[in-house]
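Please read it with the model open.

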Amino acid sequence: MPLSRSLSMTSLSGVLPAWEEEELPVEDLLLFEVAWEVTNKVGGIYTVLQTKAKITVDEWGENYYMMGPYYEHNFKTQVEACEPPNPAVRKAMDALIHNGCQGSPFVILFDVGSAAWNLDRWKGDLWETCQIGLPDNDREANDSLILGSLVAWFFKELIDQLGDKPNVIGHFHEWQAGAGLILSRCRKIPMATVFTTHATLLGRYLCAGNTDFYNNLGKFNVDKEAGERHIYHRCCLERAAVHCAHVFTTVSQITAVEASHMLHRKPDVVTPNGLNVKKFSAMHEFQNLHSTSKACIQEFIRGHFYGHLDFNLDKTLFFFIAGRYEFTNKGADIFLESLSRLNYLLRVHKNDMTVVVFFIMPAKTNNFNVESLKGQAVRKQLWDTAHTVKEKFGNRLYDALLKGQMPDMNSILDRDDFTIMKRAIYATQRHTLPPVTTHNMIDDATDPILSNVRRIGLFNSRNDRVKIIFHPEFLSSTSPLLPMDYEDFVRGCNLGVFPSYYEPWGYTPGECTVMGIPSVTTNLSGFGCFMEEHVSDPAAYGVYIVDRRFRSAEESCNQLTQFMFSFCQQSLRQRIIQRNRTERLSDLLDWRYLGRFYVHARHLALNRAFPDKFKMDPMAPLKTEGFRYPRPYSVPASPSASVHSTPHHSDVEDDDDDDDDDDYEPYDEDEEAERDRLNIKAPFVLGDVQEGK
């Protein structure tokens with residue numbers, strides 16, 4: 001059966017290669033994806049599976065299943081229970097139903113708690129099978145073994161029911177699902193297996209400990225380092241799963257290099273993470289969404305900075321960083337240092353632009369702090385007062401005009417109106433600086449972000465051109481403080497800054513890109529490496545890549561500062577043009593394009609598991625060519641101009657000044673997009689993972 005997936009795209013239309021070599025007889029196959037984060041939002045793998053589900057279902061239909069742990073709340077809110085349509089799957093589930101297997105036909109969830117009585121026996125099986133022992137005090141590892149044992153049991157029952165046909169593909173994600181792969185292979189269950197690591201266990205631990213990781217990849221004694229961090233048994237599970245799998249994949253080239261050292265196996269395929277990209281029928285639609293969301297953020301700013309709102313919101317840029325609170329891994333350390341230097345540059349150059357920076361990272365808090373809530377209450381009270389006075393003013397003005405009289409502006413507002421306004425103005429007076437954090441932090445004195453804010457002295461004072469707001473919980477539209485969902489918040493910002501030191505992929509800059517928001521990433525993130533390979537001039541498209549691999553921390557910090565300062569010098573027109581270009585890159589991150597790498601990985605796994613049934617040249621390179629976007633034709637070739645990413649650089653805000661239009665070189669978004677599409681090249685092949693690349 002041919003793939004039902006549509007591969008046509010907007011700017012990539014007509015340049016995708018034929019797919020005859022990659023087609024699989026999916027009607028004769030069953031595909032299972034196993035992960036701890038199926039319906040269980042813990043980290044980025046949940047987003048990978050959730051966003052990829054649609055394109056996988058389009059391709060596989062009822063022959064695609066997900067498998068993970070059962071949690072009652074997740075099951076009730078995300079899964080619709082019904083009978084499996086496949087009789088073999090139904091019988092396999094019946095064989096396990098009393099041991100905790102629950103779910104729908106397409107999401108099979110295993111109740112780890114109800115099967116925990118088997119833990120000691122399964123620990124013994126694991127030890128006898130591959131000499132991996134698990135300590136009693138590591139609940140996560142023990143739960144992963146229970147899940148893996150149930151998964152392997154399920155596959156044994158399923159394949160007993162199926163016989164020789166159809167064949168089964170099991171795709172396992174991360175070490176928590178690794179036990180299922182190990183046991184399935186050791187029990188010689190006839191199935192094709194794929195294992196994907198999204199980040200190596202030891203790599204994450206080493207980077208969190210401020211280790212010079214990438215310059216010493218070949219020097220680490222991985223067993224010794226894992227033992228010192230009490231994760232040796234977890235690393236053994238991860239490494240065993242990697243070497244047991246027919247096909248091993250990572251999510252980026254930078255993680256592929258890391259895996260070759262940490263796990264001692266080079267990946268067979270790199271499978272980058274994608275998103276479901278929604279393309280608007282008209283280019284201006286996503287620009288309108290940006291303006292709407294930005295207005296909501298401005299309302300929050302009016303309340304948060306009441307009494308100190310002496311900067312122009314129309315000349316205020318919103319930067320943000322978001323994600324897990326890993327201070328060093330996520331690059332919050334050099335971001336704060338760069339903000340201190342940016343504040344100095346803006347003050348020295350007497351730049352009238354103000355930058356408000358949001359840190360959206362969950363941390364331990366008691367609740368919202370009183371000053372933050374008071375600010376929003378004061379803002380609302382001022383809004384209500386203004387509308388009350390405006391209504392009275394309008395009625396009196398209307399009456400005067402009806403009588404044919406020129407209104408006396410001194411009498412239209414009476415003494416009560418002035419009293420109300422004076423009280424409102426008095427309410428805006430505050431004797432403290434606007435708070436840096438919106439919540440009461442439990443570990444205020446030792447919190448890394450707040451400690452560094454104290455060190456650099458950015459306390460939101462009047463003369464600071466950079467203001468900081470630390471929001472230590474994820475955003476929600478039901479919040480009484482900042483009632484916005486994350487997606488809407490991102491759309492309203494001007495720049496996402498993610499100068500990560502350890503970032504195997506990087507969904508946050510990817511999400512910015514598909515929303516048309518410029519972002520900063522690094523060449524140590526999978527996303528940054530991916531963009532360097534696919535885009536001739538990433539900065540021209542609004543993706544600024546900080547070099548953290550071949551430069552010192554000081555040099556990287558200066559480079560990040562210069563990126564942000566140059567961004568602050570752009571005019572409104574230049575930022576609009578850049579957002580248009582950024583949004584054009586979203587096609588590269590669409591699962592309709594990136595899903596091809598999963599297709600190749602499955603085909604390769606089937607070939608290695610069943611070479612007689614699925615023919616494939618194992619030495620042939622990956623037949624999925626990537627694309628390379630050219631520099632936008634309207635951007636001059638000089639590096640300085642490409643940083644500004646606009647046909648003509650100007651320090652003047654010009655959105656409403658039609659007289660200045662003649663000062664700019666002509667720019668037409670549709671014309672530029674079409675010319676760039678025709679210049680797209682496909683010179684490189686994603687397949688060979690070269691050490692040090």
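Leaving aside neighbours within four places in sequence, Leu 30 is in contact (heavy atoms within 4.5 Å) with Trp 60, Asn 63, Tyr 65, Asn 86, Val 89, Leu 158, Leu 162, Pro 166, Asn 167, Val 168 and Ile 169. The model is predicted, so local features need pLDDT of at least 70 and side-chain atom pairs count only at pLDDT 80 or more, whereas totals for chains, interfaces and linings use all residues. Residues are numbered from 1 along each chain as its sequence is written, and side-chain values use heavy atoms, with hydrogens and water left out.

- Leu 30 belongs to strand 1 (residues 29-34), where strands (E, at least two residues) and helices (H or I, at least four) are DSSP runs numbered from the N terminus.
- Leu 30 counts as buried because its relative accessibility is 0%, the class being under 20% relative accessible area, with exposed over 50% and partly exposed in between (1.4 Å probe, protein chains only).
- Thr 47, located in helix 1 (residues 44-60), is buried as well, at a relative accessible area of 17%.

- Six strands, in the order 13-10-9-14-15-16, form an open sheet with parallel pairing, two strands being paired if DSSP finds at least two bridges between them.
- Strand 13 (466-471) and strand 16 (543-546) each have a single partner strand, so one side of each lacks a neighbour in the sheet.
- Strand 14 (residues 495-497) and strand 15 (residues 519-522) pair in the parallel sense over 2 bridges, and Gly 496 stands opposite Ser 519 in strand 15.
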